[in-house]
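Please look through the sequence and the 3D structure below before reading on. The paragraphs after it are meant to be read with the structure in view.

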Amino acid sequence: MPEPSLFRHYQIVQDADGNNVELVRNSEQVAVLAFDLDRLEYVHCHVLLEPLQSRAAFEESCKLLQKRGHPALARLIEFGEDEGNPFYITSNVDGEALRPYLARLQDIPGWLAIMIATRAMETAVALCERGEFLSESPLDGLRIVQTAQQAVQVLAADYHVIESDAEKKRALKTSFEKQAKFLRTFLVEQGGTLPDHALAVADFAELLGACLSSAGVGVIAAMRELRTSLQKLAPAQLSGEIPTAQKPRALLAPLLAGYQDVARGLVNLVRIQSQRLDMANPYSMRGTLTKTGRSVLIEQVPPARISHARVKEADDAAFKITKQRDNSSLITLALVNESEDITCLAEENAEGISLAELMRERHCLEVQEAYLVLAGLDTALTQLDKSTLPATKLRLEDIFLLTGFAREDSRSTKLLVSKLNEWPAFNIIVRAHPTLASMSGRGTDPAVLLPPAREGNSTTAWHGGWLAALCKFLLGFEPPLGIQAEPMGGARERETVARLLDDEIAKVAEAKPAQRSDFLARYARIIQHYDLAKPGEPVRAGGTEPAVSPGLKPRLQTVTVSKAPLKREVSAPLGIDSSRTSPVALTSGGAARGGDEPTIGFAELLFRNGGEPSPPEAPDWALAAASAPPTLPAHLIVREDVPIWLKAAVFLSGSMVIGAMCAHLSGSALWQKKHTPAPVEATAPSQPSTAAAAAKPVPVPAAAPKATAVEPDVPKAIPVPTPPVEVSAPPESRVPRGSGVSLSLPPGATNQLRDQLPAGSPPAPPPR
């Protein structure tokens, strides 16, 4: 068997006979299946046979496809020219093309035909919104992939990126409205809305191919109208699953070993429990470890002829690293075994809810719920960075929210329809090792919205731009395939968050991706600016505004953001209020508790360690939103009108309090003054004319302090009880005893009183 060919860092995949696996071969191009040695995933190498008429136009088309990615379009990874032949590399679409799929069938269920036509039209709309990139034969460029027991997706795997003489033919194509009417009429008249009715595949394929061939940029509105009308034709409920004959075939399945071979290689290590395939992960099987009895997922590692030895090396590294305590946020690999030329791995089953399942049930999350997911994911990504594992791809199916309950538990089912801030607790773990579902391109990869990263510009692939792309899926700005979501929350808040996410993704294109902590800090400031409502308040359909009566205006809760760096502890799972000491039992599936007890300490959890301050060049999205013109009607904007009398009362009371504090500090307050007794008035008998003047009260304290300056001729004053009285006793009985006190007498009275007293005589006793 010849050695696999290598084109740059892409290894061409070979079948069992040693031939290259070709996907497309016609007069325009040759496409082969290859394996990317850097990203550890399968890709399609498209080599164009026609020379470039305009290299600038070719590069412009490829850059536009890279800049505006979409989950329904295969990601354009690389493009260029090799020895005069232009080429471009796209991610793998693990399904067969529409034309050979429909060609091998004779009839098809009506509901399945409606689903295929709807999905194909959605992909055509997404492709035409980016330009004239729909291939000349759409049934060959679109591939069908089964994603669930009753769901399929139609994805674009081939693009029209080179100018040719076919441009003239495209200008003469028939009217799209006419072809759309034919297709809609055929599905209605043939009873396509009946669950068990079958349609002729030949007629359906002809009408669908003519409708897609006439699609283009100028008829996008008509294409959306056809998609909407086809959705109305779909049955409300479906039972059972897609019949085996009509199931799309996976692209990699014929290249791998069969079920019996995998089970034979693990016969003494794992007991295989289920052979039934899960269409979301068609290459995995359920089993139980023989020694420990733990539930695991078994999957074979692709051999070297269809992948590379680096896949086995990555699995061995994950087997050693994920068992360490420091990497508790990574899914553990329980076994990597090689026997009979078949290498298999067993990963421990994550008993949690994946983000893909959560989005299928909820369609989109609120702004504060998305922050809880991003903040918890930051801890797992930090461990992934420290582990040095070669993981470069994380899908929504690789991120799990652990709640402590088994996936089959009814309480986990109830959590799917509850808000995340009403969950008792959850931790986030991620799958860090490559799987066949991830390598084959199944699932939803947030990186499809990012432009290709330049080498050496970032130390990690999980920067702020990647979190922004993931947040677009969580908030419904770019919903996953098959999900129709309308973003929830206020219009101004949604616009502000959308501008922040676009700015973070634009930084990746400029080779300046932001740190995760910086992005989370700016995201938290937006939440703070828009005053989150309490989690327990009733919510209107399609929004987060509390349902209150028109006569009452709600008073929103205001919270503050800490400026500390964002850090998460593994021992403190998301959703737990640190102020509670008793454990919370999940008996009602995350339903809101009574009004006396709050549902969760959400404000404390949300803004604890809110992140580092943003760099000077980063825009403040909260201030930008505050200065932006309003987008809601005036009657929907909640305003807090405070009466003028209340403002005046608050101002006066505040002024009085401040004035009292200043008076107290200066010592001139009324409550600081002491009440002192009045002085005794002394009247000389020899001067009756001055009795009225001497009748003035003299303040005499009850316990006079020691004198600091006393006249030598004045005797000690006699303390007089309060209230002061007028004494008409002889002058010798009115001499005060207290020291340091001077009598308020008229001029000359003091000398006369001194002359009347004999020298050295003691002072007279006070009158009784």
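This is a predicted model: local features need pLDDT of at least 70, side-chain atom pairs count only at pLDDT 80 or more; totals for chains, interfaces and linings use all residues.

Residues are numbered from 1 along each chain as its sequence is written, and side-chain values use heavy atoms, with hydrogens and water left out.

The protein chain contains 22 helices and 20 strands. Helices (H or I, at least four residues) and strands (E, at least two) are DSSP runs, numbered from the N terminus. Of the 768 residues in the chain, 48% count as buried. Buried means under 20% relative accessible area, exposed means over 50%, and partly exposed lies in between (1.4 Å probe, protein chains only). Contact means heavy atoms within 4.5 Å. Among the contacts in the chain with a separation of 6 or more, 72% are between residues 24 or more positions apart.

Start with strand β4, residues 29–36. Eight of its eight residues are buried, so β4 is largely enclosed by the rest of the structure. In a regular strand the side chains alternate between the two faces of the sheet. In β4, Q29, A31, L33 and F35 are on one side, V30, V32, A34 and D36 are on the other, and all are buried.

Which strands pair with β4? Two strands pair if DSSP finds at least two bridges between them. Strand β2 (residues 10–12) runs antiparallel to β4 and is joined to it by three bridges, with Q11 having F35 as its bridge partner. Strand β3 (residues 22–25) is also antiparallel to β4, again with three bridges, and here E22 is partnered by V32. A hairpin of three residues leads from β3 to β4. Strand β5 (residues 41–48) pairs with β4 in the antiparallel sense over eight bridges, and V30 stands opposite V47 of β5. The hairpin of β4 and β5 has four residues between the strands, and L40 there takes a positive phi near 55°.

Next come two open sheets. Strands of a sheet pair through backbone hydrogen bonds, either parallel or antiparallel. Strand β10 (residues 142–148) is joined to β11 by six bridges, and A148 has A151 as its bridge partner. Axes are lines fitted to C-alpha atoms, for helices over the stretch in contact, and angles run from 0 to 180 degrees between N-to-C directions.

The other open sheet has three strands in the order β18-β19-β20, with antiparallel pairing. The edges are β18 (353–354) and β20 (427–430), each pairing on one side only. Four bridges connect strand β19 (residues 399–402) with β20, and I399 is partnered by V430. Helix α12 packs on this sheet, touching β19 and β20, at about 50° to the direction of β20.

Helix α12 (residues 367–387) also packs with helix α15 (residues 464–475), at an angle of about 145° and with the axes 10 Å apart. On the α12 side the contact is made by V367, A370, V373, L374, L377 and L381, and on the α15 side by W466, L467, L470, C471, L474 and L475.

In soluble globular proteins, nonpolar side chains tend to be buried together. A nonpolar core is a set of buried Ala, Val, Leu, Ile, Met, Phe, Trp, Tyr and Cys residues joined through side-chain atoms within 4.5 Å. Which residues have the most contacts inside the largest nonpolar core? They are L377, W466 and Y523, in a core of 88 residues. The largest share of this core, 11 residues, comes from α12. Apart from this core lies another, of 65 residues, among them F133, Y159, L199 and A222. Leaving aside neighbours within four places in sequence, Y523 is in contact with V367, A370, Y371, C471, L475, V497 and L500.

Last, is T332 buried or exposed? T332 is buried, with a relative accessible area of 19%. T332 lies in the loop between α10 (309–321) and β16 (333–339). Beyond its neighbours within four places in sequence, T332 is in contact with T322, K323, E347 and E348.
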